[in-house]
Amino acid sequence: MNWLKVVGICFGAAVILAIGLLIGHFGIPGDTVPSTVQDVTQDLDEEFIQQFMKEVDTEKIRENLSILAKKPHPATSEADEELVRLMLSRWRDSKTGLDEAKEERYNVFLSFPDEKNPNSVKVLNTEGNVQFVSQKSESELHEDQKDPTILQPFLAYAPNGTVKGQLVYANEGKISDFQYLANITNLNGTIAIVRYGGIGRVNKAINAAKFGVIGVVIYTDPKDINDGKSNPVETYPNSWYMPPSGVERGSFKENFGDQLTPYYPAKEFTYRIPESEIKGISHIPAQPIGFGDARTLICQLGGPGAPDNWQGALGCPYNIGPGFRTGEFSNSDVQVNVYNKRTIRSSANVMGLIRGAVEPDRYIMYGNHRDSWVHGAIDPSSGTAVMLEITRILGTKLKSGTWRPRRTIIFGSWGAEEFGLVGSTEFAEDYYSKLRDRTVAYINVDISVFANATLRVQGTPPAQGVVFAASKQVKTPMNDLSVYDNWISHFNRNSSQYGVIPQVGTLGIGSDYAPFVHYLGITCMDMSYTYDRRVTSARIYPAYHTAFDTFDYASKFIDPGFTSHQTVARTAGNILLRLSDSLILPLGARDYGETLEEFYKKAESFQANLNKHGMSLEPLKRAIDRFKAAAGSLEESIKNLADVDKT
């Protein structure tokens with residue numbers, strides 16, 4: 001009888017199972033899918049993007065910038081630490097904050113001027129009497145310039161020393177400039193005055209030393225920054241142009257990251273190389289001055305006239321020296337005095353996190369540095385003001401439970417960028433393997449607004465498509481054009497795949513994207529609003545790295561109304577959401593293939609020289625063709641999947 005019971009139990013179970021299946025089939029609507037499956041297959045919500053862009057508030061951005069630029073906040077200063085606390089409080093807010101916010105600290109090698117012994121450039125006569133000395137600080141043209149914590153003009157990491165010699169004018173300090181001078185005069189023991197532009201700051205001094213020059217003075221010529229205007233009535237506070245006393249500070253080294261811990265994070269346990277082993281720094285003293293002081297020096301130089309393309313806008317003919325012509329400074333020398341202090345200090349990155357719902361181990365990163373040389377309203381606070389507005393809106397959605405991204409979003413407020421991308425580089429070195437394997441893309445918005453004419457983007461080729469998609473959905477503040485259409489009218493190129501499209505520039509080492517693209521090989525992009533090159537020839541916005549880069553300057557002359565800040569926030573936020581929420585990543589492999597093809601065509605011009613050495617570009621051509629074929633196949637497969645999903 002037992003076997004009959006077993007059969008009965010099995011039969012009963014089968015009937016119950018069948019009834020359950022029938023109920024499930026007929027009782028549950030066919031379009032109902034378990035929520036976990038819905039999450040996995042959920043694609044980008046275009047309505048959410050539109051709602052995000054609608055909520056970007058110019059007044060909130062203005063308030064952010066006013067707070068961020070209230071005090072000078074060089075890296076590791078008390079004002080910088082105040083901003084660390086501000087970022088943490090914003091990202092930990094119970095109503096508008098993120099999932100997590102924390103500090104990441106590194107003990108980094110920095111350089112500062114000596115407050116009690118300021119750097120200077122002097123003119124000394126044969127008796128050693130001082131006939132001229134450069135301004136200790138910029139003129140007080142606004143209340144902001146009266147702040148006692150303003151960092152004196154200097155070049156970080158420029159070596160200490162007092163050197164004296166005859167002055168020569170060396171244009172932009174390129175090798176070709178010094179070679180031109182060396183063919184005319186003996187440069188040994190001279191002091192060179194050079195203008196910003198052409199090459200990096202430190203390279204001017206490194207080049208000078210190769211020709212026997214013992215010290216360098218650097219200034220910004222009005223021709224390069226002010227469209228030739230040098231009269232005080234034509235400059236700030238009457239316009240956006242740099243006033244005569246404005247001095248561009250900056251880092252004076254070639255390499256980025258902490259100089260004593262190359263390729264390793266600057267923690268307390270990390271081995272530090274001796275200072276004598278640091279590469280890419282100058283070994284001769286250098287000091288920046290304003291063009292008002294530079295006029296006093298250059299306009300009294302003797303010797304032959306400088307070439308036409310060396311002439312600037314100081315209001316006098318430029319001679320090359322050496323030494324001064326007969327007059328006030330006759331037979332006088334120039335002395336460069338540098339008393340910088342090198343030190344190791346604790347610098348903080350502030351990291352904010354929104355955890356992804358479906359792919360939490362895939363990261364979309366968005367960052368900007370926090371430190372500045374002085375008030376830094378444009379560089380970098382314009383970018384931080386935008387980032388805080390983006391995180392406010394997304395944090396509000398997150399805390400209310402109405403949104404969570406598919407992938408994890410990491411926000412970075414980097415420390416000590418002005419000293420050579422220090423904070424971001426140390427973070428990349430600290431989390432090298434994890435970031436390399438998991439990071440999808442990095443968005444950098446440093447100076448968000450140089451001016452208010454057009455978007456400017458630099459990036460790796462796969463980022464092109466997502467930037468274009470976002471920019472087509474944002475309106476410009478000045479007219480009814482989309483950001484895309486306005487952009488294409490200012491910067492464009494002819495693409496073999498798409499025809500005429502906006503120009504996306506290449507990435508160098510100018511901001512915090514550098515360690516992510518050059519160390520980790522991550523897709524990166526950097527964006528800002530900038531000026532119309534047809535209207536101004538300014539090398540960069542005129543108050544760059546000076547004491548005049550203030551909230552007053554930004555609100556009056558860079559972006560009145562903060563509508564360009566709003567446009568950048570909408571565009572960058574749109575890109576961020578597309579990267580974090582799209583089911584399939586909107587990155588273009590074929591666009592990389594087109595770029596490789598363009599590089600190959602340029603390389604072909606060297607084929608004759610390569611043939612002399614038995615070298616051929618054919619293997620490279622075959623590799624590019626294979627890559628393009630694979631990229632095309634991948635994108636076709638993605639398109640087919642999208643088409644199937646639509647049906």
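Among contacts in the chain between residues at least 6 apart in sequence, what percentage join residues at least 24 apart? In this predicted model, the share is 80%. The chain comprises 647 residues, of which 54% are buried. Its secondary structure consists of 20 helices and 20 strands. Taken along the principal axes, the box filled by the C-alpha atoms has dimensions of roughly 125 × 65 × 55 Å.

The mean pLDDT is 93, and 93% of the residues reach a value of 70 or more. The pLDDT falls below 50 over residues 3-7, a stretch that has zero contacts in the model beyond near neighbours in sequence. Residues 13-34 also have a pLDDT below 50, and for this stretch three contacts are found beyond near neighbours in sequence.

Two loop residues were examined individually. Thr 76 is located in the loop that lies between α4 (58-68) and α5 (78-91). The relative accessible area of Thr 76 is 14%, which is under the 20% limit, and the residue is therefore classed as buried. With neighbours within four places in sequence left aside, the contacts of Thr 76 are Glu 81, Leu 110, Phe 112, Arg 345, Ser 346 and Ser 347. With one of these residues, Arg 345, Thr 76 also forms a side-chain to side-chain polar contact of 3.3 Å.

Asp 114 occupies the loop between β1 (100-112) and β2 (120-124). A polar atom of the Asp 114 side chain is placed 3.0 Å from the backbone nitrogen of Lys 116. Beyond neighbours within four places in sequence, Asp 114 is in contact with Gln 152, Tyr 339 and Lys 341. Between Asp 114 and Lys 210 the separation is 96 residues in sequence, and the C-alpha to C-alpha distance is 28 Å.

Rolling a probe the size of a water molecule over the atoms shows where empty space remains. The largest pocket contains about 1,200 Å³ of space. Its lining is made up of 40 residues, and those closest to the pocket centre are Arg 201, Ile 509, Gly 510, Ser 511 and Tyr 544. Two or more lining residues are contributed by each of α7 (201-210), β9 (250-251), β16 (454-459) and β20 (523-530). By class, the lining of the largest pocket contains 13 nonpolar, 15 polar and twelve charged residues.

Two cavities of 30 Å³ or more are present in the structure. The largest cavity holds about 110 Å³ of space. Of its 16 lining residues, Gln 135, Lys 136, Pro 153, Val 247 and Pro 288 are the closest to the centre. The lining of this largest cavity divides into five nonpolar, eight polar and three charged residues.

For the second largest cavity, the volume is about 40 Å³. The residues lining this second largest cavity are Trp 373, Val 374, Gly 376, Asp 379, Glu 418, His 545, Thr 546 and Asp 549. Two of the residues in the lining are nonpolar, three are polar and three are charged.

Notes: Residues numbered from 1 in each chain as written. Heavy atoms only, no water. Helix = DSSP H or I, 4+ residues; strand = E, 2+ residues; numbered from the N terminus. Contact = heavy atoms within 4.5 Å. Polar contact = N/O pair within 3.5 Å; in protein donor to acceptor, adjacent residues only side chain to side chain. 1 Å grid on protein atoms, 1.4 Å probe; cavity = no way out; pocket = protein on both sides within 12 Å on 5 of 7 lines; lining within 4 Å. Points joined across faces, edges and corners; volume = space filled by probe spheres on them. Nonpolar A, V, L, I, M, F, W, Y, C, P; charged D, E, K, R; others polar. Buried < 20%, exposed > 50% of the residue type's maximum accessible area, 1.4 Å probe, protein only. pLDDT = per-residue confidence, 0-100.
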